[in-house]
Amino acid sequence: MQSLKIFHYGDIQIELRVSGENAQRHFEFSSVLKNTERQVMFEQPDVVVIAGDIYQYAATDGEEQEMFATHLHNILPFTKRIIIIPGNHDIKQKNNTIIKKKKKSSLSDSIKSIITGIKSDKISY
């Protein structure tokens with residue numbers, strides 16, 4: 001029987017929009033993601049599973065999105081597949097859908113926007 005190596009982490013809760021005594025959060029999140037990247041590079045798992053909450057808030061800013069996008073780019077070469085499962089903080093609206101003038105329209109969340117930009121068949125979301 002062939003084994004499957006899975007690397008799992010989640011509940012990252014990236015949130016960089018803080019000031020005052022909590023302003024060190026950028027360094028904190030950057031360090032955690034870099035350590036995770038080094039571990040993925042070392043382990044070279046078949047599958048990486050990233051469970052939500054990726055972000056602290058559904059309304060992310062560009063710096064938070066860039067941090068996660070860079071993280072995905074850095075681990076992509078060291079695994080065959082990345083599976084991302086959003087958490088409740090990652091979704092902008094219930095079921096990620098709004099009703100507008102009796103018409104259903106979809107809202108793109110921050111994670112989907114990043115994955116669309118990366119354009120890799122190795123990422124499942």
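The buried residues of helix α1 pack against strand β1 (6–10), strand β2 (47–51) and helix α2 (62–75). The model described here is a predicted one, and the protein in it is built from three helices and six strands. Read from the N terminus, these elements follow one another in the order β-α-β-α-β-β-β-α-β.

**The protein as a whole**

- The protein has 125 residues, and 37% of them count as buried.
- Its accessible surface comes to about 7,900 Å², and carbon and sulfur atoms account for 52% of that area.

**Helix α1**

- Helix α1 covers residues 25–43, which makes 19 residues, and from its first C-alpha to its last it reaches 27 Å, close to the 27 Å expected at 1.5 Å a residue.
- The buried residues of α1 are Phe29, Leu33, Thr36, Glu37 and Val40. Seen down the axis of α1, these buried residues fall within an arc of 105°, and they therefore line one face of the helix.
- On the face of α1 that is turned away from the buried side, the exposed residues Phe27 and Phe42 are found.
- Serine 30 also belongs to helix α1, and with a relative accessibility of 25% this serine counts as partly exposed. Although serine 30 and histidine 71 are 41 residues apart in sequence, their C-alpha atoms are 9.1 Å apart in space.
- Just after α1 comes glutamine 44, which takes a positive phi of about 45°.

**Glutamate 64 in helix α2**

- Glutamate 64 has its place in helix α2, and because its relative accessibility is 0%, this residue counts as buried.
- When neighbours within four places in sequence are left aside, glutamate 64 is in contact with Ile14, Glu15, Leu16, Arg17 and Tyr55.

**The largest nonpolar core**

- In soluble globular proteins, nonpolar side chains tend to be buried together. Here the largest nonpolar core holds 25 residues, and the members that touch the most others are Ile14, Ile50, Ile54, Phe68, Leu72, Ile82 and Ile84.
- At least two residues of this core are supplied by each of β1, α1, β2, α2, β3 (81–85) and α3 (110–118), while the largest share, five residues, comes from α2.

- Isoleucine 82, apart from its neighbours within four places in sequence, is in contact with Val48, Ile50, Leu72, Ile75, Leu76, Lys122, Ile123 and Ser124.
- Strands β2 and β3 run parallel and are joined by five bridges; valine 49 has isoleucine 83 of β3 as its bridge partner.

Notes:
Residues numbered from 1 in each chain as written. Predicted model: local features only at pLDDT ≥ 70, side-chain atom pairs only at ≥ 80, totals over all residues. Heavy atoms only, no water. Helix = DSSP H or I, 4+ residues; strand = E, 2+ residues; numbered from the N terminus. Buried < 20%, exposed > 50% of the residue type's maximum accessible area, 1.4 Å probe, protein only. Areas by Shrake-Rupley, 256 points an atom, 1.4 Å probe, with all protein chains shown as cover. Expected span 1.5 Å × (residues − 1). Arc of directions from axis to C-beta. Contact = heavy atoms within 4.5 Å. Core = buried A, V, L, I, M, F, W, Y, C linked by side-chain atoms within 4.5 Å. Pairing = 2+ DSSP bridges.
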